[in-house]
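Keep the 3D view open as you read.

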Amino acid sequence: MSDTKSVNEKGVDEQTVAIEATLEAALPEFDDPNIDKDAAVQGILEDDSPYAEVRSAVANTDDPDIPVSTIRSWFLGIVWAIVIPGLNQFFYFRYPSVTVSGIVAQLLVFPIGRAWAKFLPNWKIFGVPLNPGPFSIKEHVLITIMATVGYQSAYATDIVAVQRVYYGQIYNFSYKWMLVMSTQLIGFSIGGIARRFLVQPPSMIWPTNLVTCALFNTLHAQTYAGIGVRGGISRERFFLFAFLGSTVWYLFPGYIFTALSYFSWVCWIAPNNVPVNQMFGYVHGLGMSLITFDWAQIAYIGSPLATPWWAEANIAVGFTFFFWILTPIIYYTNTWNSAYLPISSRTSFDNTGAAYNVTRIVNPDSTFNQEAYSAYSPLFLSTTFAIAYGLSFASITATLTHAFLYFRKQIWTQARRSMHEQPDIHARLMSRYAQVPQWWYIGIFLTMFAFSVITIEVWQTKFPVQYLILALVISFFYIIPIGMIQAITNQQVGLNVVTELIIGYALPGRPVAMMLFKTYGYITMAQALQFTSDFKLGHYMKIPPRAMFLAQVIATVIAGTVQLGVQSWMFTNIPELCSPDQKDGFICPGTEVFGTASIIWGVIGPARQFSKGQIYYGNSLFCLVPCALLTICTTQPSPSSSSSASSARFPVIFSGTGYIPPASAVNYVPWAIVGFIFQYAIRRRHFSWWTKYNYVLSAAMDSGVAVSAVLIFFILQYPKNGTIGLNTIQSWWGNSVYINTADAAGTPMKLLGDGEYFGPRTWQ
């Protein structure tokens, strides 16, 4: 009897040791706030992900025989790669804009794919079946990736627009096409390296992809252990109810009662009280009114149901300190002469409080004119805009120091670990598929680099090739640390400001060169992370890597070409496009921010803005703050301890508010409140409900708003030049109360008389 007992105990001990060894290999080599060790053990025992969020949205099985790269998937993918980027490019220049997100394609493709399977004959084209059978989940994923990889307006189209609107430069389509293709695709070339660090490790969860996976599995009725044992209605029915509710409700904040969107209720009580409007307003204020009833506002910076609560909490802390405490102190003490300007704005100003007129300080070839600048005005920024630049400086140093302190072991481990050695079921399932050959990545890089050189040398850009190489080096250097932060926190640290700073000092007075350097330095990294994020989605949904690669590259080429065509058509056919008074709302807010940056960093240059003795010199010192804070944290017993100090992710604190501008308080405060409710309170107290429905709810809310916004625009706003209900529903109290306030007018604290100006009397 004792022998049997000892054998059993030995077996249990061996099993325990095996589980502990597997768990140790699966856990990241840094303090990961997303991990719950008890839940991780459950995941390991079920041969699943150690992360509860992943188990709730992603199946741990795969059938390699499911059709993926079919005529159906490629045809529908190309169609949506034309339609969605084209629509979004059209809407991009309008305010308020409508973004047709990838979720719209994800939803609409589903019935189209099923109809294809039901009604089209199974003919063969060159031996390939036209109708390979039921519409598969993998086909659906591939189509959605093609629709979303280039769905947002290509960053380089803003260069084209700014050159035309601000500097009067109109080049031919060849210049525009090679510029857009090179900036959009050159980042894909480092995807092979990035995948080893940002896709294969289980700790790189990419939270936004979990929402997409949950919707895929809901539509295709996939069931698996990860959703828990929670009873109640099915996820499909829950999605339908939430989607219909979201679609119908958005009619109110989106059209019928728009004050529900800008719910600055305190300003309605005292519409002409400037300090009250500055504190509680949502248009040019700091958003202390706290709430909005518009999901489009809440999810403007990303769904609060997708971002982990610890990351949301850090962002909320950063927002509160920098924008609710530091900003009022700076503003009401008139630091930087800020009291003569709105407390929050996305544009730049001269010393009379008017919008800065860049045409007064540039030569005919768009270079800087010192004499004209000295005769006109220095450039001034609203307080929130200036603080945002300071936080951008801080986020760059925070990223590097944090990556060195916390991620260096993880990076070293992943550099030596192949896919089949990954302690994760999803990586092991993906290891059966042929990987993308390295020469594919090399070919993309060499081709796009050639396009880049031709673009900057053939046309008058004043951008030397050596600075193009420097921009690419910066982008490649930051891809891994910034990618790891994004994969864990759902927040991306932008390189736009650091690239602007570098080129502004290196080549002052050259705005086009500045915009090109920023785009090649920043968007190369951003596109590489988009590429990597899509690969993680394919990793979760078990899409063959080679089909993924080809789909992404081809769809990006199509999307960029379509966007340039739409942009050219708009400039030709829409009167006064990008004018502040454009009658249909095509005022180009994104182009305005981009153009303002080109003035600050390219024309005037950082030496006249941020160097010692200049107006915003204090902002440049922000870069020292993260180093000091992280040094203090390392004096704790261990950098990997679970103390609150080590759990505070300083890159997230400093970069989380990076959407400001054009985002404002209305996009951050309600976002944090909703995040607390769902990602902390409900997840903690009703985990089984959260596991089953949270990501489905997020997808349903996003989908409903997207569909409703498109319907509102094309049915109620676009027809008859927007005059439907002009004197009735558009003008009633609920659609005008928030407009008739000092907040909406952007009234500053101090007003100037005729002929007066503020700031220094001389400037260089």
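This report visits a helix and then the cysteines of this predicted model.

## Meet helix H8

Helix H8 covers residues 173-185, a run of 13 residues. From its first C-alpha to its last, H8 reaches 18 Å, close to the 18 Å expected at 1.5 Å a residue.

Of the 13 residues of H8, 10 are buried, so the helix is largely enclosed by the rest of the structure. Among them are Tyr175, Lys176, Met178 and Leu185.

Which helices do the buried residues of H8 pack against? Their partners are helix H7 (156-165), helix H20 (438-458), helix H23 (511-541) and helix H24 (545-573).

## A bond between cysteines

How many disulfides does the model have? The count comes to 1, and this disulfide joins Cys578 to Cys588, with an S to S distance of 2.0 Å. Cys578 and Cys588 both lie in the loop between H24 and helix H25 (589-604), so the pair ties together parts that are 10 residues apart in sequence.

The torsion about the S-S bond is about -85 degrees, so the disulfide is left-handed.

## Buried or exposed?

Buried means under 20% relative accessible area. Cys578 has 13%, so it counts as buried, and Cys588 is buried at 2%. Cys213 is buried with a relative accessible area of 0%, and Cys267 counts as buried at 0%.

How values were computed:
Residues numbered from 1 in each chain as written. Predicted model: local features only at pLDDT ≥ 70, side-chain atom pairs only at ≥ 80, totals over all residues. Heavy atoms only, no water. Helix = DSSP H or I, 4+ residues; strand = E, 2+ residues; numbered from the N terminus. Expected span 1.5 Å × (residues − 1). Buried < 20%, exposed > 50% of the residue type's maximum accessible area, 1.4 Å probe, protein only. Contact = heavy atoms within 4.5 Å. Disulfide = S-S within 2.5 Å.
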